[in-house]
Amino acid sequence: MTNAVDSTGDVLQQLARLLSDRKQADADSSYVASLHKKGLNKILEKVGEEAVETILAARDVAAGADAQALIGETADLWFHSMVMLSHLDLSHEQVLEELRKRFNISGLAEKASRAAN
């Protein structure tokens with residue numbers, strides 16, 4: 001597999017394959033492998049860190065800053081979220097399926113159904 005991402009392909013699928021390949025790689029040569037080696041708590045720490053950085057970048061954009069930092073931080077958040085899913089043997093397809101299920105449900109009704117569970 002090459003590192004080039006086919007712009008017409010499914011970027012998330014390509015990223016998932018790459019993360020799967022690197023999950024078993026040498027932790028000294030792969031950032032993803034090093035995260036997996038450090039364990040779930042380290043991965044969760046990174047997800048939280050990227051979430052905070054995304055929030056701060058969004059506030060900056062609202063105050064007039066260029067949106068590129070927000071786009072970059074959001075990409076970092078998605079990336080680390082996918083590492084988290086991979087670590088737990090879950091997939092982005094499961095998240096996408098959950099989103100698909102919600103298309104014809106009012107957001108308020110969906111939120112109320114979660115509260116009832």
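# Briefing on a predicted all-helix model

In helix 3, the residues Ile43, Lys46, Val47, Glu50, Thr54 and Ala57 are buried. The model described here is a predicted one, and the protein in it has 6 helices and 0 strands. Read from the N terminus on, the elements run α-α-α-α-α-α, and of the 117 residues of the protein, 22% count as buried.

**Overall dimensions and surface**

- Along its principal axes, the C-alpha trace of the protein spans about 45 × 40 × 35 Å.
- The protein exposes about 8200 Å², and carbon and sulfur atoms supply 57% of that area.
- When contacts between residues at least 6 apart in sequence are considered, 47% of them join residues that are at least 24 apart.

**Helix 3 and what follows it**

- The buried residues of helix 3 pack against helix 2 and helix 4.
- Gly48 is also found in helix 3, but this glycine counts as partly exposed, since its relative accessible area is 32%, a value between the cut-offs of 20% for buried and 50% for exposed.
- After helix 3 comes Gly64, which has a positive phi, near 110 degrees.

**Helix 1 and its buried side**

- Helix 1 takes in residues 11-23, and its 13 residues, at 1.5 Å a residue, should span 18 Å, which agrees with the 18 Å that separates its end C-alpha atoms.
- Which residues of helix 1 are buried? They are Gln14, Leu15, Leu18 and Leu19.
- An α-helix has 3.6 residues a turn, so residues three or four places apart point the same way.
- The cover over the buried residues of helix 1 includes helix 2 (31-38) and helix 4 (68-87).
- At the N-terminal end, helix 1 is capped by Asp10, which has a side-chain oxygen 3.1 Å from the backbone nitrogen of Leu12.

**The largest nonpolar core**

- The largest nonpolar core has 8 residues in all, namely Leu15, Leu18, Leu19, Val32, Leu35, Ile43, Met82 and Val83.
- Helix 1, helix 2 and helix 4 each supply at least two residues of this core, and helix 1 gives the most, with 3 residues.
- Leaving aside residues up to four places away in sequence, Val83 touches Leu19, Val32, Leu35, His36 and Ile43.
- In soluble globular proteins, nonpolar side chains tend to be buried together.

- A polar atom of the side chain of His80 lies 2.8 Å from the backbone oxygen of Asp76.
- Not counting residues up to four places away in sequence, His80 touches Tyr31, Leu35, Ile43, Lys46, Val47 and Glu50.
- Although His80 and Gly48 are 32 residues apart in sequence, their C-alpha atoms are 9.3 Å apart in space.
- His87 likewise has its place in helix 4, but it counts as partly exposed, with a relative accessible area of 24%.
- The side chain of His87 makes a polar contact with the side chain of His36, at 2.8 Å.
- Not counting residues up to four places away in sequence, the residues that His87 touches are Lys23, His36, Gly39, Leu40 and Ile43.
- His87 and Lys37 are 50 residues apart in sequence, while from C-alpha to C-alpha they are 9.9 Å apart in space.

- Where is Asp89 found? Asp89 is found in the loop between helix 4 and helix 5 (92-101).
- Asp89 has a positive phi of about 55 degrees, although it is not a glycine.
- Most residues other than glycine have a negative phi.
- Asp89 counts as exposed, because its relative accessibility is 64% and the cut-off for exposed is over 50%.

Conventions:
Residues numbered from 1 in each chain as written. Predicted model: local features only at pLDDT ≥ 70, side-chain atom pairs only at ≥ 80, totals over all residues. Heavy atoms only, no water. Helix = DSSP H or I, 4+ residues; strand = E, 2+ residues; numbered from the N terminus. Expected span 1.5 Å × (residues − 1). Buried < 20%, exposed > 50% of the residue type's maximum accessible area, 1.4 Å probe, protein only. Contact = heavy atoms within 4.5 Å. Polar contact = N/O pair within 3.5 Å; in protein donor to acceptor, adjacent residues only side chain to side chain. Core = buried A, V, L, I, M, F, W, Y, C linked by side-chain atoms within 4.5 Å. Areas by Shrake-Rupley, 256 points an atom, 1.4 Å probe, with all protein chains shown as cover.
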